[in-house]
Amino acid sequence: LDSRMQFLLVTTGIEDSPETRAKLKNQVLRQLVDESLQIQQAKKENINVTSVEVAQAIGAIEKQRGLPP
């Protein structure tokens, strides 16, 4: 939860304060739960993603956010 919170704050430029973290905690937790459920469903349906596809998706997100590759 803490690492995801830090990632969110860094990538969005939102001010890092105890108040901000408190406001975002439930949202970040919900997102982690949703992702876990999606992974479970993908495994159940035998959906696989290659490391190349992951790297391409990360690259697209970095580009979208203006981050260096």
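Analyst: A pocket is an open set of 1 Å grid points, over the protein atoms alone, where a 1.4 Å probe fits, with protein on both sides within 12 Å along at least five of seven lines. This is a predicted model, in which local features need pLDDT of at least 70 and side-chain atom pairs count only at pLDDT 80 or more, while totals for chains, interfaces and linings use all residues. Residues are numbered from 1 along each chain as its sequence is written, and side-chain values use heavy atoms, without hydrogens and water.

User: What is the volume of the largest pocket?

Analyst: The largest pocket holds about 190 Å³ of space, taken as the space filled by probe spheres set on the points.

User: What makes a residue part of the lining, and which residues line the largest pocket?

Analyst: A lining residue has an atom within 4 Å of a point. In the largest pocket, Arg 4, Phe 7, Leu 8, Thr 11, Thr 12, Gln 27, Val 28, Gln 31, Ile 61 and Arg 65 make up the lining. By class there are 4 nonpolar, 4 polar and 2 charged residues.

User: Which helices supply at least two residues each of that lining?

Analyst: α1 (2–12), α2 (18–44) and α3 (51–65) do, helices being DSSP runs (H or I) of at least four residues. α1 gives the most to the lining, with 5 residues.

User: How do you know that the length of α2 agrees with its residue count?

Analyst: The expected span is 1.5 Å times one less than the number of residues. For the 27 residues of α2 that should be 39 Å, and the end C-alpha atoms are 38 Å apart, so the two agree. α3, with 15 residues, should span 21 Å, and its end C-alpha atoms are 21 Å apart, so α3 agrees as well.

User: Which residues of α2 are called buried, and what do they pack against?

Analyst: Thr 20, Leu 24 and Val 28 of α2 are buried, that is, under 20% relative accessible area, whereas exposed means over 50%. The buried residues of α2 pack against α1.

User: Why is Gln 38 called exposed?

Analyst: Gln 38 lies in α2, and its relative accessible area is 54%, so Gln 38 counts as exposed. Its C-alpha atom and that of Ser 3, 35 residues apart along the chain, are separated by 20 Å.

User: What makes Asn 46 worth a look, and is it buried or exposed?

Analyst: Most residues other than glycine have a negative phi. Asn 46, in the loop between α2 and α3, has a positive phi near 60°. With a relative accessible area of 60%, Asn 46 is therefore exposed.

User: What is the phi of Gly 66?

Analyst: Gly 66 follows α3, and its phi is positive, near 75°.

Notes:
Ala, Val, Leu, Ile, Met, Phe, Trp, Tyr, Cys and Pro count as nonpolar, Asp, Glu, Lys and Arg as charged, and the others, Gly among them, as polar. Buried means under 20% relative accessible area, exposed over 50%, partly exposed in between (1.4 Å probe, protein chains only). Contact means heavy atoms within 4.5 Å.
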